[in-house]
Amino acid sequence: ELRERDRKALAVYLQIDERTIAYISNHEDISIPASGTRSHYQSKMEFNRIRTGLPEVGRKDLPIRGTATGGTKGGFLMVNDIVDYAYRPAALTDAKNAYGILIRGTSMEPRWMPGEAAYVNPDKPYKAGDFVLVHLEPVEGEVEGIIKQLVKIDDNHVTLRQFNPEKTFRLSRSDVKEIHRIYWPNELLGL
């Protein structure tokens, strides 16, 4: 249960009626005024996001990181700047480190088209068959990324597949900084 002082402060911050905060925090059965306030559902979602520190599904808070063409190994340069925000899909509700990346190049057509956003959760495990974003070790301070299908990983190599032109190739593990799993569209929707 929230103290009265905290309820008042939270109500002011959220721009909602204090009784809504009381209802959410105590699950009390009280009437919620409808005029001039957010809906009970919106208030509860915002309250839960603040209380848990987790992002809320449906909010436009998922960072889209930029990319630039010109990678030396057939990929694209990773730009750490956030260029936009996307609505958070259901599957990424609790994924604090999730982000989107803009696709560059045509090597994964028709699965991934240039300009399309791919959604990534660096905390999600990957396996053979998954589409992944491979961050390569920096060269002259620039981090390159490639989006491919993971074929296999062994002690010395990461084997990847691309579609256009169709080919399978290996990278030395020492050239790979990180591998992040890309979500399928049906996963993003919670299916």
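This is a predicted model: local features need pLDDT of at least 70, side-chain atom pairs count only at pLDDT 80 or more; totals for chains, interfaces and linings use all residues.
Residues are numbered from 1 along each chain as its sequence is written. Local features need pLDDT of at least 70 and side-chain atom pairs count only at pLDDT 80 or more, while totals for chains, interfaces and linings use all residues, and side-chain values use heavy atoms, with hydrogens and water left out.

Lys8 is partly exposed at a relative accessible area of 41%, where buried means under 20%, exposed over 50% and partly exposed in between, with a 1.4 Å probe and protein chains only.

Next, select strand E5, residues 131-136. Six of its six residues are buried, so E5 is largely enclosed by the rest of the structure; Phe131, Leu133 and His135 lie on one side, with Val132, Val134 and Leu136 on the other. Show E6 (144-153), which pairs antiparallel with E5 over five bridges (pairing requires at least two DSSP bridges), and find Gly145 opposite His135. On E9 (176-182), also antiparallel to E5 through five bridges, Glu178 stands opposite His135.

Finally, select the largest nonpolar core, twelve residues including Trp112, Phe131 and Leu133; such a core is a set of buried Ala, Val, Leu, Ile, Met, Phe, Trp, Tyr and Cys residues joined through side-chain atoms within 4.5 Å. A second, separate core of ten residues includes Leu136 and Val158.

Notes:
Helices (H or I, at least four residues) and strands (E, at least two) are DSSP runs, numbered from the N terminus.
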